[in-house]
Amino acid sequence: IEPVYKHIVCNPQRARRVLDETASPNLQIIFDPVNLLDLNNYRNREQIIREAIETLGNDIAVVHIKDFVVENGELVSVAAGTGEMDYTDIIRFIKKEKPYIHVTLENTVPENAEAARSYIQKLWNEA
(Lines give C-alpha, C1' and ligand atoms only; values in the text may rest on other atoms or scores of the structure.)
Protein backbone atom coordinates (compact mmCIF):
# COMPACT_ATOMS: atom_id res chain seq x y z
CA ILE A 1 0.00 0.00 0.00
CA GLU A 2 1.09 3.55 -0.64
CA PRO A 3 0.01 6.11 1.95
CA VAL A 4 -1.17 9.31 0.26
CA TYR A 5 -2.46 12.36 2.16
CA LYS A 6 -5.69 12.48 0.11
CA HIS A 7 -6.48 8.76 0.29
CA ILE A 8 -8.13 6.73 3.04
CA VAL A 9 -4.67 5.48 4.05
CA CYS A 10 -3.49 9.05 4.43
CA ASN A 11 -0.60 8.82 6.89
CA PRO A 12 1.91 6.38 8.38
CA GLN A 13 -0.29 5.63 11.39
CA ARG A 14 -3.20 4.48 9.23
CA ALA A 15 -0.84 2.45 7.08
CA ARG A 16 0.55 0.79 10.21
CA ARG A 17 -2.99 -0.05 11.31
CA VAL A 18 -3.78 -1.63 7.93
CA LEU A 19 -0.57 -3.65 8.05
CA ASP A 20 -1.18 -4.83 11.61
CA GLU A 21 -4.83 -5.69 11.12
CA THR A 22 -4.22 -7.48 7.83
CA ALA A 23 -1.23 -9.33 9.29
CA SER A 24 -0.04 -10.62 5.93
CA PRO A 25 3.66 -10.94 5.05
CA ASN A 26 2.64 -10.09 1.49
CA LEU A 27 1.37 -6.61 2.28
CA GLN A 28 4.14 -4.02 2.30
CA ILE A 29 4.65 -0.29 1.89
CA ILE A 30 5.48 1.81 -1.12
CA PHE A 31 7.05 4.85 0.50
CA ASP A 32 6.71 8.11 -1.40
CA PRO A 33 7.39 10.85 1.13
CA VAL A 34 6.04 13.63 -1.11
CA ASN A 35 2.69 11.84 -1.20
CA LEU A 36 2.39 12.35 2.56
CA LEU A 37 2.60 16.12 2.14
CA ASP A 38 0.00 18.78 1.45
CA LEU A 39 -0.20 22.55 1.85
CA ASN A 40 -1.02 22.19 5.54
CA ASN A 41 1.95 20.05 6.55
CA TYR A 42 4.79 20.34 4.02
CA ARG A 43 6.74 22.69 6.28
CA ASN A 44 6.92 19.83 8.81
CA ARG A 45 8.17 17.34 6.22
CA GLU A 46 11.30 16.33 8.13
CA GLN A 47 9.23 15.27 11.15
CA ILE A 48 6.65 13.54 8.94
CA ILE A 49 9.37 11.59 7.13
CA ARG A 50 11.08 10.58 10.39
CA GLU A 51 7.76 9.35 11.79
CA ALA A 52 7.03 7.44 8.59
CA ILE A 53 10.40 5.69 8.69
CA GLU A 54 10.00 4.88 12.40
CA THR A 55 6.43 3.63 11.95
CA LEU A 56 6.76 1.78 8.65
CA GLY A 57 10.48 1.19 8.10
CA ASN A 58 10.47 -2.58 8.49
CA ASP A 59 7.64 -2.89 5.98
CA ILE A 60 8.90 -0.50 3.31
CA ALA A 61 9.43 -2.48 0.10
CA VAL A 62 9.79 0.28 -2.50
CA VAL A 63 10.76 3.94 -2.32
CA HIS A 64 9.64 6.57 -4.81
CA ILE A 65 11.90 9.58 -5.00
CA LYS A 66 10.68 12.86 -6.38
CA ASP A 67 10.67 16.44 -5.22
CA PHE A 68 8.09 19.20 -4.99
CA VAL A 69 7.65 22.93 -5.33
CA VAL A 70 4.76 25.12 -4.25
CA GLU A 71 3.17 26.83 -7.26
CA ASN A 72 -0.12 28.71 -7.37
CA GLY A 73 -1.14 27.38 -3.97
CA GLU A 74 -0.47 23.73 -4.83
CA LEU A 75 2.30 21.20 -4.25
CA VAL A 76 3.64 20.24 -7.66
CA SER A 77 5.83 17.15 -8.13
CA VAL A 78 9.18 17.71 -9.83
CA ALA A 79 12.39 15.74 -10.31
CA ALA A 80 14.59 14.94 -7.31
CA GLY A 81 16.95 17.73 -6.37
CA THR A 82 14.93 20.46 -8.09
CA GLY A 83 12.56 21.41 -5.28
CA GLU A 84 12.21 21.62 -1.51
CA MET A 85 12.83 18.01 -0.40
CA ASP A 86 15.90 16.94 1.49
CA TYR A 87 16.45 13.22 0.96
CA THR A 88 19.44 12.92 3.31
CA ASP A 89 17.59 10.98 6.05
CA ILE A 90 15.79 8.76 3.56
CA ILE A 91 18.99 7.86 1.73
CA ARG A 92 20.70 7.09 5.06
CA PHE A 93 17.77 4.83 5.98
CA ILE A 94 17.96 3.04 2.62
CA LYS A 95 21.73 2.62 2.77
CA LYS A 96 21.74 1.34 6.35
CA GLU A 97 18.50 -0.63 6.60
CA LYS A 98 17.42 -1.48 3.03
CA PRO A 99 20.45 -1.39 0.72
CA TYR A 100 18.84 -3.67 -1.89
CA ILE A 101 15.42 -2.04 -2.00
CA HIS A 102 13.87 -0.88 -5.26
CA VAL A 103 13.97 2.90 -5.62
CA THR A 104 12.41 4.79 -8.50
CA LEU A 105 13.12 8.33 -9.63
CA GLU A 106 9.80 9.92 -10.46
CA ASN A 107 9.09 13.05 -12.49
CA THR A 108 12.28 12.62 -14.45
CA VAL A 109 12.57 13.32 -18.14
CA PRO A 110 15.65 13.16 -20.37
CA GLU A 111 16.42 16.81 -19.60
CA ASN A 112 16.64 16.31 -15.81
CA ALA A 113 17.30 12.59 -15.34
CA GLU A 114 21.09 12.87 -15.04
CA ALA A 115 20.86 15.76 -12.56
CA ALA A 116 18.35 13.80 -10.43
CA ARG A 117 20.55 10.70 -10.50
CA SER A 118 23.63 12.74 -9.58
CA TYR A 119 21.79 14.39 -6.71
CA ILE A 120 20.79 11.04 -5.21
CA GLN A 121 24.24 9.52 -5.88
CA LYS A 122 25.87 12.42 -3.99
CA LEU A 123 23.58 11.83 -1.00
CA TRP A 124 24.33 8.08 -1.14
CA ASN A 125 28.07 8.70 -1.20
CA GLU A 126 27.79 11.06 1.80
CA ALA A 127 25.48 8.80 3.83
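Glu 46 and Glu 54 are exposed residues on the face of H2 turned away from its buried side. Exposed means over 50% relative accessible area, buried under 20%, and partly exposed in between, using a 1.4 Å probe and protein chains only. The model is predicted: local features need pLDDT of at least 70, side-chain atom pairs count only at pLDDT 80 or more, and totals for chains, interfaces and linings use all residues. Residues are numbered from 1 along each chain as its sequence is written, and side-chain values use heavy atoms, with hydrogens and water left out.

**Helix H2**

- Helices (H or I, at least four residues) and strands (E, at least two) are DSSP runs, numbered from the N terminus.
- H2 has 12 residues and spans 16 Å from its first C-alpha to its last, close to the 16 Å expected at 1.5 Å a residue; the expected span is 1.5 Å times one less than the number of residues.
- Arg 45, Ile 48, Ile 49, Ala 52, Ile 53 and Leu 56 are the buried residues of H2.
- They lie on the same side of H2 because they cover an arc of only 130° around the axis, the arc being that of the directions from the helix axis to the C-beta atoms.
- An α-helix has 3.6 residues a turn, so residues three or four places apart point the same way.
- H1, E1, E2, strand E3 (67-71) and H3 are the elements against which the buried residues of H2 pack.

**Nonpolar core**

- A nonpolar core is a set of buried Ala, Val, Leu, Ile, Met, Phe, Trp, Tyr and Cys residues joined through side-chain atoms within 4.5 Å.
- The largest one has 30 residues, and those with the most contacts inside it are Phe 31, Ile 60, Val 63, Tyr 87 and Ile 90.
- At least two residues of this core come from each of H1, E1, helix H2 (45-56), strand E2 (60-65), helix H3 (88-97) and H4.
- H2 supplies the largest share of this core, 5 residues.
- Beyond its neighbours within four places in sequence, Val 63 is in contact (heavy atoms within 4.5 Å) with residues including Phe 31, Ile 90 and Val 103.

**Two loop residues**

- Leu 27 sits in the loop between helix H1 (12-22) and strand E1 (29-31), and counts as partly exposed at 21% relative accessibility.
- Not counting residues up to four places away in sequence, Leu 27 touches Ile 1, Val 18, Leu 19 and Thr 22.
- Asn 112 is in the loop between strand E5 (102-105) and helix H4 (113-126), and is buried, with a relative accessible area of 19%.
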